[in-house]
Amino acid sequence: MENKLPTYLTERDGELWLTEDERENLKISYRIKNVIYSGQSKFQHIMILDSYDFGRMLVLDGVVQTTSIDGHIYNEMITHVPLSIHPNPEKILIIGGGDCGVAKEVCKYDVVKHIDMVEIDDEVVRVCKQELIDVSGNLSDPRVNFIFDDGVAFVKKLHSEYDVIIIDSSDPVGPAEALFEKSFYESLHKALKEDGLMVCQSQSPIFHRDIMRTSYKRIQQLFSYVNLYTAVIPTYPGGLWSFTLGSKKYQEIDFRRIMGRETKYINVEMVQRCFSLPQFIYTLLSDENAQ
Ligand code: SAM
């Protein structure tokens, strides 16, 4: 744990503020009660902060990744939607996901026999298991096999191995940049069984339109079915967030998988509605020139 504060954490009138430098014209500030952990790993600067409105949060290189208050929205949406589409999701691969929130949700399915979680940074996992328990649940399910490696290098070697792949990446800068490239999606397609499916977080439909559209098109070129869905996650810029699902065979949701499940955000109505998109997103996905 280091003593010096990073530049995005400043003291103003005796109060501590985290300022996420989202883009030139948008900066988001959170008032912070306490720095729980701050340290530099081999890959990124890691902090666990206790904030006034969002409770504890994981911050990587100054960017909020997940929080005690809204982390479950993202983790449930990226997990339960694909797992209610694949009829027999036994072998799962998670790429990234260092806060362990996605693995925690996947473990709620008895049908799942094995989960490989490939995270580049073991420090994120260690710190989140210790200090971000609202999100990680201090995960200790024996079905989870942690592999500390670069997700891109890991999937390149695979052929027809997984039923479902979930890409829980950070924004496409630094180590996560390659997780949005065409060759990575090609490797994912190859790593899935012949009836497999994948889902990734595909950024903000408001602020990252090009990334969202490019991911969608790349997945569409490879898979029989592509579907984009959204959720509102307050600590992600703009709130509205997109997920893109690519499937080789299945696209029907089995709502019985959702009913009675122990969740805080997701229910049958949310899953029914999440694929209904605002008109501007349909336009962005269908018209190359739309801005
Ligand atoms: N839910 C979050 C969001 O959308 O901002 C993502 C959270 S999760 C903490 C993202 C994880 O991806 C980080 O722990 C990071 O270390 C990991 N990661 C980034 N690049 C990676 C790569 N190339 N291979 C594997 N994991 C990677």
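Q: How much space lies in the second largest pocket?
A: A pocket is found on a 1 Å grid over the protein atoms alone, as an open set of points with protein on both sides within 12 Å along at least five of seven lines. Volume is the space filled by probe spheres set on the points, which are joined across faces, edges and corners. In this structure, the second largest pocket has about 180 Å³ of space. Its lining has 14 residues, and H72, K104, E105, D134 and K264 are the closest to its centre. A lining residue has an atom within 4 Å of a point.

This is a predicted model, where local features need pLDDT of at least 70 and side-chain atom pairs count only at pLDDT 80 or more, while totals for chains, interfaces and linings use all residues. Residues are numbered from 1 along each chain as its sequence is written, and side-chain values use heavy atoms, with hydrogens and water left out.

Q: Which element gives the most to the lining of the second largest pocket?
A: Elements are DSSP runs numbered from the N terminus: helices are H or I with at least four residues, strands are E with at least two. Here α1 gives the most, with four residues. The elements that give two or more residues are α1 (71-83), α2 (101-106) and α4 (133-136).

Q: How do the residues of that lining divide by class?
A: Ala, Val, Leu, Ile, Met, Phe, Trp, Tyr, Cys and Pro count as nonpolar, Asp, Glu, Lys and Arg as charged, and the others, Gly among them, as polar. The second largest pocket is lined by one nonpolar, six polar and seven charged residues.

Q: What about the largest pocket: how much space lies there?
A: The largest pocket holds about 340 Å³. V63, D171, P172, V173 and G174 are the closest to its centre, out of 16 lining residues. Both β2 (15-23) and β6 (63-67) give two or more residues to this lining. By class, the largest pocket has six nonpolar, six polar and four charged lining residues.

Q: Which domains does the lining of the largest pocket draw on?
A: Domain bounds come from an automatic or database domain assignment. At least three residues come from each of domain 1 (9-67) and domain 2 (71-285).

Q: What is the volume of the largest cavity?
A: A cavity is a set of points where a 1.4 Å probe fits but cannot get out. The structure holds one cavity of 30 Å³ or more, and the largest cavity has a volume of about 440 Å³. It is lined by 34 residues, with L60, Q65, D168, S169 and S170 nearest its centre. The largest share of this lining, four residues, is from β6.

Q: Which residues come nearest to the ligand?
A: A residue is near a molecule if one of its heavy atoms lies within 4 Å of it. Of the 25 residues around the ligand, Q44, E119, D150, G151 and P175 come nearest. For polar contacts, look for N or O atom pairs within 3.5 Å. A polar side-chain atom of Q44 is 2.9 Å from a ligand oxygen atom, and one of Q65 is 3.3 Å from a ligand oxygen atom.

Terms used:
A polar contact is a pair of N or O atoms within 3.5 Å; within protein, one must be able to donate a hydrogen and the other to accept it, and residues adjacent in sequence count only if both atoms are side-chain atoms.
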